[in-house]
Amino acid sequence: MQMVSDQEFNKKYEELINSYNSIWKDFLKLPVTGQSNQFIRTFEEDQKKFQDLLSLCSKFQSNILNYWMQVNQTYVKSIAELQSKKPELPDFQSEEEVKKYKNLTIDVFEKYFTQLFQSKEFSVTTSELLSNYSSFTHILGNAFDNYFKLLNLPNRDEIDMILKDMQELKREVYKLRKNLDLIMSEEKLVVK
Amino acid sequence: MKRNLSLNKITTSKEPEIKVKELSSPNQKIDGTSSRVPGTLDDGEPKNDVVTKIKKIIDAYQKSMSLEVGTTPHDVVKETRLYRLLHYKTTFHVPIRPPVLIVYALINRSYILDLQQDKSWVGNLVKQGFDVYLIDWKTPSLNDKYVSFDDYVNVFIDDCIDFIRNKSSAEKITLHGYCMGASMSAMYCSLHQHKIKNLVTLAPVIDTSKDNTVISNFAKHLDVENIIDSMGNMPPELLQTCFSALKPFKQGVNKYFSLYEHINDKRFIENFLRIERWLSDIPPIAGEAFKQWIKNIYQENLLVKNEMKLGSDLVNLSRINVPFLNIVANEDHLVSPDGSAELNNLVSSKDNRIMRFPTGHVGLIASSYSQMNVLPKTGRWFFLRSDV
């Protein structure tokens, strides 16, 4: 069996998922005219969401492998540096020497992990992971849209529109109130 | 030698029998009395025993929520769904004017400014004779996902300032912000300067191009649109994950070793637990405000370029010409000190001062160092620019 690196595995896995997706897409080119056109439209939309979910899962897998690869590499570097400081390591004869070893370990791990967290590569990977998770919740939310319509209930986007309008109205009312207070105070001064 | 044939025992001369009495508990003495001193921490158990220490740690964490925070006497003079305005009870018969309004950040809770009696930023200012108010931000719900910086600065802070001006009959006040609150204070001052007498900022987030902290690194690459669109508000779990990456071993791991070593030091434990409570007390951040914070400030650095918009208002920091004090922590690992210090170069104030202290972000406001070094100098600065 040929051994492949994690990155190569990720690539091949993504390619496989994409090829399944394209085959499935071709298969789903069903006629939308005729008696069952609404059913087929709904079915197609649901299938598209399912495909989006699958390709998202493959990206998520790739990103999570990347994430753990970086964390593990940092861990290995920290251990290697700790080993290289072997002459300085104490013999654990006393409590002070144990403390010295503890402090040395913490310093070494702190140095490498802070470098990792300050690196662009790690922050991009973390951001992509979070983005994948957000997209996942988005797709799930959209998947239930049709059922909300069936039940004559507003979906999330429609509620968001209302919330946005309400917030804008609140701002306008506040500004009007402030202007009114200003006019009233100016009138009082004029009267005086 | 006698032989007891019935028992097949061989006995020598009679030896005294030693009876070993088993103690029913570790606290019980040989004579049956207890070594425990009731009503005190001294329960008679060996204090340096590992198991005892671990039990004490668990016990302490369980009691941590009952520790009081924010104990400086105050009244809630105004309250809405998203904030409370606290007015601290002055110790002086006639407090020093103008009143001081402290604007806290949207991250974690404002009681870090009044953590405990001997480490209270607010308490110290009140003892120095100032008339202190504090905006304590409440937890936004999903209904508040469209609350933006325009609302926080031009509505909430403005409302509080007008309330204080009416209540204390002061034409202008001293505006004093911490961290994100300091950035909001600077934005407010640039737009409504006629209501401000002095501006004081503590570790403001201003120039993020000079910011190499872990937080800045995460923020600059965050796909904030996607996250906020799907989650509404920025959830506390994600914020917690980000903060746990800050000094993960020196603070994240080493602090538990310190706790173990000092478990018998009651004062240390109480201070430690209060900080722990604050660190884990993270409310969500309103979605739109968080989006603006990350995009406009961290990713596009608009504040420094004077291109940041709050609603239809353009924030131009060069319009600020009131007496200005910027307090910066040189060992700050959350907000870059160089990024904070840049504010002094952006304002047009003639009375423009920076104070730098060798402490961290939280140490700047909630430590013994802060009480001994930062607050006396800050108080003196306030006093020299007061109405006295």
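**Cavities and a pocket in the predicted model**

Good morning. By the grid rule, two cavities of 30 Å³ or more are counted. Here a cavity is a set of points, on a 1 Å grid over the protein atoms alone, where a 1.4 Å probe fits but cannot get out. This is a predicted model, in which local features need pLDDT of at least 70, side-chain atom pairs count only at pLDDT 80 or more, and totals for chains, interfaces and linings use all residues. Residues are numbered from 1 along each chain as its sequence is written.

The largest cavity holds about 80 Å³ of space, a volume being the space filled by probe spheres set on the points. Its lining, meaning residues with an atom within 4 Å of a point, includes B:Trp137, B:Tyr152 and B:Pro283. Nine of these lining residues are nonpolar, one is polar and two are charged.

The second largest cavity has a volume of about 40 Å³. Strand S5 (residues 96-103) of chain B contributes the most to its lining, with four residues; strands are DSSP runs of E, at least two residues long, numbered from the N terminus. Among the other lining residues are B:Phe130 and B:Phe382.

I turn now to the second largest pocket, of about 890 Å³. A pocket is an open set with protein on both sides within 12 Å along at least five of seven lines. Of its 27 lining residues, the closest to the centre are A:Lys178, A:Leu182, B:Asp158, B:Asp162 and B:Lys195. By class, the lining has five nonpolar, eight polar and 14 charged residues.

Key
Chains are lettered from A and ligands numbered from 1 in the order in which they are written. Side-chain values use heavy atoms; hydrogens and water are left out. Ala, Val, Leu, Ile, Met, Phe, Trp, Tyr, Cys and Pro count as nonpolar, Asp, Glu, Lys and Arg as charged, and the others, Gly among them, as polar.
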